[in-house]
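Colleague: Hi! Could you open the model and talk me through it?

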Amino acid sequence: MDSALLIPIASVILGAIIAAVFFRSYFCKRRSEVQTISHPELPSDPKKHQKPSHTKKSHSKPHSHSSDKDQNKKHHPLDLNTLKGHGDYVTGLCFSSDGSSLATACGDGVIRVFKLDDASSKSFKFLRINLPAGGHPTAVAFGDNATSIIVSSQGLSGSSLYMYGEEKPKASDETKQQAKLPLPKIKWENHKVHDKKSVLTLVGATASYGSADGSTIVASCSEGTDIRLWHAKTGKLLGDVDTNQLKNTMATLSPNGRFIAAAAFTADVKVWEVVYSKDGSVKEVLRVMQLKGHKSAVTWLCFTPNSEQIITASKDGSMRIWNINVWYHLDEDPKTLKVFPIPLHDSNGATLHYDRLNISPDGKILATTHGSTLQWLCVETGKVLDIAERAHDGDITWISWAPKPIPSGDKNVLVLATASVDKKVKLWAAPSLS
């Protein structure tokens, strides 16, 4: 063969060999990268990456959260359980009168009603109530029973109230319904209840004072200055009052349905009496007293279980217990029974104020919050019984005690529920008083 042809042929063969080596190395590297992406190293706790067992369409499927508690974190000894599954921040919660159900209001537009057969359970049955489109729930309260739920919702046109009640199954559907919780339906609705202002608090109470007929009444407090009283079963407006204090902070009802008390922009707390007719219906709502003594705005308040005292917390760094069981008809003023300094301070030693207060059903323990911190105080002494400095991974939005001890494992315990912007609801056992 001509030597002139050998040189090009040899060059082509050599180039092919070099190209083959290069591409083999390249494709081996790419294969390794693909395998690394397709089969990453498993984390130490694979449960964290599992999808939740329930679907959004389920109404009564158990909500399992066996992996809710992060095993890498040290849990507070009073922490009983965590309810996850909320799609957004939780704005409010409420126990039914028998403590068997816990309703939560969530920014994802859903009300969830959990059945608390055992507070330490790994899964709970719950109902999903989807609010009408365009509304975001701000608060929730139970009506006459555990199947009657009142919800406040905020939309572009203003605030609305909806009452959901149990829809009785048809005889032919009884067998099918046995495996599911009954689905609630809207029984009444009121719109623009506070014009375009949002509802800050929604609280219900059983009207049991005097000649009251025992029905449930509900007080809605707006971010403006008005507070309205509603009949839980019918949605009828029973009365309204005005704090005349620039803007409200919150309002609540006494457990017996006799009084409404409100904290607003100033240091004073106004109290109204719900007057009942002989037939048991609400006759009128009258302003009867004012609690004066704090030097700065009252941030929250609550009634004691006997409806005869009010506990207030103020930005002046103090808490007060007031006796409102007085002859106010004869101009007798409410009296301050006790004054306690708020036992919560920042890193510089400055006193912090409380965002929320709620008293246990036995009247002995006061649960308080500031941001994500949760404290339990002795009502008798004002001393700290226990504290969870980071009870949630965000600010606590609502707290409520179950009205009676509920099952937790092999015993019944007093349970406090807390809601937060971290999309969680937590259940806590009451601390020991000793």
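Modeller: Happy to; we can start with the overall make-up and then go to particular places.

Colleague: Before that, what kind of model is it, and what is left out?

Modeller: This is a predicted model, where local features need pLDDT of at least 70 and side-chain atom pairs count only at pLDDT 80 or more, while totals for chains, interfaces and linings use all residues. Residues are numbered from 1 along each chain as its sequence is written, and side-chain values use heavy atoms, with hydrogens and water left out.

Colleague: Thanks. How many helices and strands are there?

Modeller: The protein has two helices and 33 strands, taken as DSSP runs numbered from the N terminus (helices are H or I, at least four residues; strands are E, at least two).

Colleague: And how much of the protein is buried?

Modeller: Of its 434 residues, 48% count as buried. Buried means under 20% relative accessible area, with a 1.4 Å probe and protein chains only.

Colleague: Switching topic: what is the volume of the largest pocket?

Modeller: About 1100 Å³. The search runs on a 1 Å grid over the protein atoms alone; a pocket is an open set of points where a 1.4 Å probe fits, with protein on both sides within 12 Å along at least five of seven lines, and lining residues have an atom within 4 Å of a point. The volume is the space filled by probe spheres set on the points, which are joined across faces, edges and corners.

Colleague: Which residues lie nearest its centre?

Modeller: Val-203, Gly-204, Pro-255, Ser-400 and Trp-401, out of 42 lining residues.

Colleague: Which strand gives the most to that lining?

Modeller: E13, with six residues.

Colleague: What about Ser-152, buried or exposed?

Modeller: Ser-152 is in strand E9, residues 149-155, and counts as buried because its relative accessibility is 0%.

Colleague: What does its side chain make a polar contact with?

Modeller: The Ser-152 side chain pairs with the side chain of Thr-138 at 2.6 Å. A polar atom of the Ser-152 side chain also lies 3.0 Å from the backbone nitrogen of Ala-139. A polar contact is a pair of N or O atoms within 3.5 Å; within protein, one must be able to donate a hydrogen and the other to accept it, and residues adjacent in sequence count only if both atoms are side-chain atoms.

Note on methods: Buried < 20%, exposed > 50% of the residue type's maximum accessible area, 1.4 Å probe, protein only.
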